[in-house]
Amino acid sequence: MSIVDVRHLAVGYEGREILHDVSLSVDQKEVVAILGANGSGKSTLIRTILGLVPIGRGEIDLFETPQRRFKQWARVGYVPQRLGAGSGVPATVGEVVASGRLARRGIFRLPGAADKTAVRDALTDVGLLDRINDPVSTLSGGQQQRTLIARALAGKPDLLVLDEPTAGVDAASQEAFAAALGRFGDGGGTILLVAHELGPLRPLIDRAVVVHEGRIAFEGAPPEPAGHHAEPDHDHVHPHAVQPTAGICEWAPTDRMAAN
Amino acid sequence: MDLFQYDFMMRALAGALIIGLAAPSLGIYLVQRRLSLIGDGIGHVALTGVGVGLLLNQSPVLAAVIVSAAGAIGVELIRERGRTSGDLALALLFYGGIAGGVVLVSLSDDASSNSLIQYLFGSLITTSPTDIALIAVLGALVLIAMLAFRPALFAVCNDEEYARVSGLPVRTLNLLMAVTTAVTVTIAMRTVGLLLVSALMVIPVAAAQQVTRGFRSTMVAAMLIGVGAAGAGVVFSAEVDTPPGATTVILALAIFVAIAVGGATWRMLRRRSHPPREVEPPDVVLQEA
């Protein structure tokens, strides 16, 4: 069964077309990474899939239902790039993660025992249960990112959609993140993520899709990191032995430092 | 406390306590989404409603509720759509609101500057039993809506895009908040006045969050501070003969300063007594993507 099916999608902002004729299908239990340089349109692609950006032309099906008529949003867990702009009103880790239950519970019911258990389970999964009563503003960037994945996992989704989950995240958090995603995948979950670099997530990825200038430039096994693109701790055995394909050369960003 | 033998003082106190409880329960959401000053803007628009009410010889409070609710919905629709242009549109709406109010009030039969002052700075003592009944009913509705929908409103204010992807009725919740803001502004205009209305929504929240760690605890603390400041403001103003609205706001500010100073001192003392804390909470700076 196809969980996400994008057919001939075109999307534009204010008259400028960002995505041209993109087709992409994600099957059940698949882990797909969308890669690309900044401005390639990779974030726009998943934001359109999630309904945050209107579809220009083409069609998107979620769980074999046209997105316009799709109502089972509890089946989708979204992990944004960053915690929404902190405004100064404190919120605890537990309160943020509890938001993840609303899709399942609806807005008219008060949280019950099942909600509490799900919040604790999700925080256990990302290794932050001991921080449940701490204000999120006291967490490190990586821990905040893990809070966001816990929020998505608390809703017990079938599909996780992550926007650059590991950008600017410390190594320990990246490992915890990868482990939580791995368990989600082992439990039958489908994952679609946008990434700039894969890092410790790489072993999880079944298929990589490279977006370049609003089109799909490459689709297949996840590419080896290019020389200048490798992690500092990456096992860098044969950086130039493998001849990179043209597609990979094109998308490997050269502006990594400026990116974040 | 002989003053409270008088019915008008009891009504003034009841009105103040209701507002003191309801205003921060809404204000916390406005502060969370960085709309601390929206109450002020809606207050400007409500003045046009007062003018319409006086001109048509209808209840100014009712007319103000309707006009400011329409204004608040307009603001929300502009906010939802735009970015920079929204800011300018808001300014136009607010200045139009206050200018319209001043012109309409001056055209009405009750064209004394006194009637304008009454709405701008509050006039609890002249509150009629009908007004109090209206304030009580609307205040209770605001309170119930803000408490019952807390998880959903928190989600929308904390991360609107996430709420959207969760399938929450984000637009309906935003409009609920807009209308609630208008209602709160209008019922508070008798207590603190349109020019000080935002203070009761924002200052108790600002005071509470100096020492709280979570959203729910901030909400509870802000409501307690709001009720305390409003109640003490009425009593104090009656004793020393100052305007109750401004007195309430000064008291709320004093509570803010006391909590801020007290909280900072406590943190400093605690740090001194337990210096080797293992993990110092970092000041996390979230940069925009």
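In which order do the strands of the four-stranded open sheet of chain A follow one another? The order is E2-E1-E4-E5 (chain A), and the pairing is antiparallel. The legends below refer to a predicted model, which scores ipTM 0.84 and pTM 0.85.

**Figure 1. The four-stranded antiparallel sheet of chain A.** At the E5 end, strand E4 (residues 57-62) of chain A runs antiparallel to E5(A) and is joined to E5(A) by two bridges. Leu62(A) has Thr65(A) in E5(A) as its bridge partner. Helix H1 (residues 42-49) of chain A lies across E1, E2 and E4 of chain A and runs at about 120° to E1(A).

**Figure 2. The hairpin of E1(A) and E2(A).** Strand E1 (residues 2-13) and strand E2 (residues 16-27) of chain A run antiparallel and are joined by eight bridges. Within this pairing, Val11(A) has Leu19(A) in E2(A) as its bridge partner. Two residues lie between the strands of the hairpin, and Glu14(A) in the turn has a positive phi of about 45°. Strands of a sheet pair through backbone hydrogen bonds, in either a parallel or an antiparallel sense.

**Figure 3. The six-stranded open sheet of chain A.** The strands follow the order E6-E7-E8-E3-E9-E10 (chain A), with mixed pairing. Strand E6 (76-79) and strand E10 (215-220) of chain A are the edge strands, each of which pairs on one side only. On average, neighbouring strands of this sheet are turned by 15° against each other, direction ignored. Within the sheet, strand E3 (residues 31-35) and strand E8 (residues 190-195) of chain A pair in the parallel sense over five bridges. Ile34(A) stands opposite Val194(A) in E8(A).

**Figure 4. The contact between chain A and chain B.** On chain A, 35 residues are in contact with 32 residues of chain B. E6, helix H2 (93-98) and helix H3 (102-105) of chain A each supply at least two residues of the side of chain A that touches chain B. H2(A) gives the most to this side, with three residues. By class, the side of chain A that touches chain B has 19 nonpolar, 13 polar and three charged residues.

**Figure 5. Packing of helices H10 and H11 in chain B.** Helix H10 (residues 197-208) and helix H11 (residues 215-240) of chain B pack at an angle of about 125°, with their axes 8 Å apart. Because of this angle, H10(B) is oblique to H11(B). The crossing of H10(B) and H11(B) is right-handed. On the H10(B) side, Leu200(B), Pro204(B), Val205(B), Ala207(B) and Ala208(B) take part. They meet Thr218(B), Ala221(B), Ala222(B), Ile225(B), Gly226(B) and Ala229(B) in H11(B). By class, the contact of H10(B) with H11(B) has nine nonpolar, two polar and no charged residues.

**Figure 6. Confidence of the prediction in chain B.** Chain B has a mean pLDDT of 85, and 90% of its residues reach 70 or more. Among the elements of chain B, H11(B) has the highest mean pLDDT (94). The lowest mean pLDDT among these elements (78) belongs to helix H5 (residues 113-121) of chain B.

How values were computed:
Residues are numbered from 1 along each chain as its sequence is written. Chains are lettered from A and ligands numbered from 1 in the order in which they are written. This is a predicted model: local features need pLDDT of at least 70, side-chain atom pairs count only at pLDDT 80 or more; totals for chains, interfaces and linings use all residues. Two strands pair if DSSP finds at least two bridges between them. Axes are lines fitted to C-alpha atoms, for helices over the stretch in contact, and angles run from 0 to 180 degrees between N-to-C directions. Two residues are in contact if their C-beta atoms, placed from the backbone, lie within 7 Å. Ala, Val, Leu, Ile, Met, Phe, Trp, Tyr, Cys and Pro count as nonpolar, Asp, Glu, Lys and Arg as charged, and the others, Gly among them, as polar. Angles under 35 degrees count as roughly parallel, over 145 as roughly antiparallel, 65 to 115 as roughly perpendicular and the rest as oblique. A crossing is left-handed if the near helix is turned anticlockwise from the far one by less than a right angle, and right-handed if clockwise. pLDDT is the predictor's confidence in each residue, from 0 to 100.
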